[in-house]
Amino acid sequence: MKPLLEIHGLTKLFGSGCGHCLPGGVSPEEGNRCGRCGTVVGCGDVSLMVYPGEVLGVVGESGSGKSTLVRLIHFELDATAGEIYLNNGKEDAARENLLMQSPFRRRQIRSRHMGIVYQNPWLGLRMQVSSGGNIAEKLLAAGWRNVSEIRKRAAFLLERTEIPVNRMDEPPANFSGGMQQRVQIAKALSNNPQVLLLDEVTTGLDLSVQARVLDLIRNLQRELAVAMIVVSHDLGVIRLLCQRTIVMRHGRVVESGLTDQVLEDPRHEYTQLLVSSQL
Amino acid sequence: MLEVRNLSKTFVIHILGGKSIEGFRGVSFRLYPGEFLGLTGRSGSGKSSVLKCIYGTYLPASGEVWFASERLGRVDLARAGEQAVLRVRDGEMGYVSQFLRVIPRIAAADVVAEPLLRAGSEAGAARRQAAALLERLRIPARLHDAYPSTFSGGEQQRINIARAVIRKPRLLLLDEPTASLDRESQETVIGILRELKEKGTSMIGIFHDRAALEAIADNVLELANGSMEHGRP
Ligand SMILES: Nc1ncnc2c1ncn2[C@@H]1O[C@H](COP(=O)(O)OP(=O)(O)OP(=O)(O)O)[C@@H](O)[C@H]1O
Ligand SMILES: [Mg+2]
Ligand SMILES: [Zn+2]
């Protein structure tokens, strides 16, 4: 089976670097911040694969580079180095490093083939625009043109994410945190993405609300078989959703494996600490 | 079906200053279709670790785990890579753990039906098959729609067994599958395992209970301080 998403040597340095830390940023032993020039390794030489229908977990302490990774994949940040390939299923399609494509082409790929859900719904939604309008915006970007089709699709998705359809014309600002997350999920899925990126989507919600959002994600995943990258510092979430997991520290991947293996037989010192402090 | 060669596991615990703990070492055996191998040995001798190394939950320190996969051919699971292990787990290799980890907020019948759905079965048929198996395992119909997290230890264990056997895996790893069951349920489980065995499923099992072991094992392998002995149950 061919990977759906393929990433090689993805690097993001925050800062201009100096003779001490260039080209790849300070060595992991020094942490993630250059002591001389202050440049931070957001993401250092990260390589990973996501296979069709697979859910990959990303864990690591705060500041370890998880969100940077997600935003690089979503083209919200410009990478310092690296390659990203998205296999669109057509065997003969040219293999193109997406990071080398024009900004226009990257936006197009993002609109058509990716979805993202942020921890903070303010990042993913326009709070004063109706929920239906939020979804319509994404569909328009993905090339949809027929207004009644768009409205139908929005209603379908909101229903699917358990938002009463009669509230579709209300802005997310009127909704609870859990509902806002569900509108974000509806929006993220509207274009039938090949890859769905979830960045700490249950963090900060009440436990019962968290459970409902997680159940929704799990059910949708099973139903749509959409590939996902799930970032969470909650190992319970990772265990529940992900077949494979990578562990990040100081912007680097320090360990990766089957989720049960990473959690039950962690080899890296940092993973052992992470697991023993949570289980 | 399975050939394990010189398998060893050591845990290096960095938070204890790199202390190294031996799980087991030098384990070798062959397992033929329809054969049941019992693992015995005192507490801490490494029985569960052997099963976990085969399943891929633990990474062996050394050794080989050759599995005759229907889909992938002969593969060394110790080196095969994550995708291959996931594919083998999906339908060919099952595992029943010593301690339950139930999936939250899913009805018992759905927990059991899930492997069938993943294999492409139609939802109604999968659920009926799951219900019949649960019935057989003496889980009353009124519990089929309830969440297993509210069940007794013995009930949870039977859910776990049902989920592991419903797709009739070719290799089944059992870690104390009958530990919290009453005599009657234990016999039912042994009955189900026997049927699978007759259809060719190979099994490796750890049983606390000597009688249960004798009722099903063809061979036993005793783990003791690194050495290992073959014998009849
Ligand atoms: N994840 C782990 N990390 C560190 N050490 C471990 C781990 N799992 C097992 N061990 C150690 O490996 C050895 C073998 O343990 P294992 O659980 O396999 O024994 P067992 O024979 O199944 O014991 P029991 O009969 O008590 O269930 C023990 O010393 C145990 O403490
Ligand atoms: Mg044990
Ligand atoms: Zn520097």
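## Helix packing in chain B

The crossing of α3(B) and α4(B) is right-handed, a crossing being called right-handed if the near helix is turned clockwise from the far one by less than a right angle, and left-handed if anticlockwise. In this predicted model, local features need pLDDT of at least 70 and side-chain atom pairs count only at pLDDT 80 or more, while totals for chains, interfaces and linings use all residues. Residues are numbered from 1 along each chain as its sequence is written, with chains lettered from A and ligands numbered from 1 in the order in which they are written.

The axes of helix α3 (residues 108-118) and helix α4 (residues 123-136) of chain B come within 8 Å and cross at roughly 125 degrees, axes being lines fitted to C-alpha atoms, for helices over the stretch in contact, with angles from 0 to 180 degrees between N-to-C directions. That makes α3(B) oblique to α4(B) (under 35 degrees counts as roughly parallel, over 145 as roughly antiparallel, 65 to 115 as roughly perpendicular, and the rest as oblique). Helices here are DSSP runs of H or I with at least four residues, and strands are runs of E with at least two, numbered from the N terminus.

## Helix packing in chain A

Helix α6 (residues 177-189) and helix α7 (residues 207-224) of chain A pack at about 15 degrees with their axes 9 Å apart, and α6(A) and α7(A) are therefore roughly parallel to each other. The crossing of α6(A) and α7(A) is also right-handed.

## The sheet of chain A

Seven bridges join strand β1 (residues 5-14) of chain A to β2(A), the two running antiparallel, and A:L10 has A:V46 in β2(A) as its bridge partner.

## Contact between the chains

Twelve residues of chain B are in contact with 16 residues of chain A, contact meaning that C-beta atoms, placed from the backbone, lie within 7 Å. Helix α2 (residues 82-89) of chain B gives the most to the side of chain B that touches chain A, with four residues.

How values were computed: Two residues are in contact if their C-beta atoms, placed from the backbone, lie within 7 Å. Two strands pair if DSSP finds at least two bridges between them.
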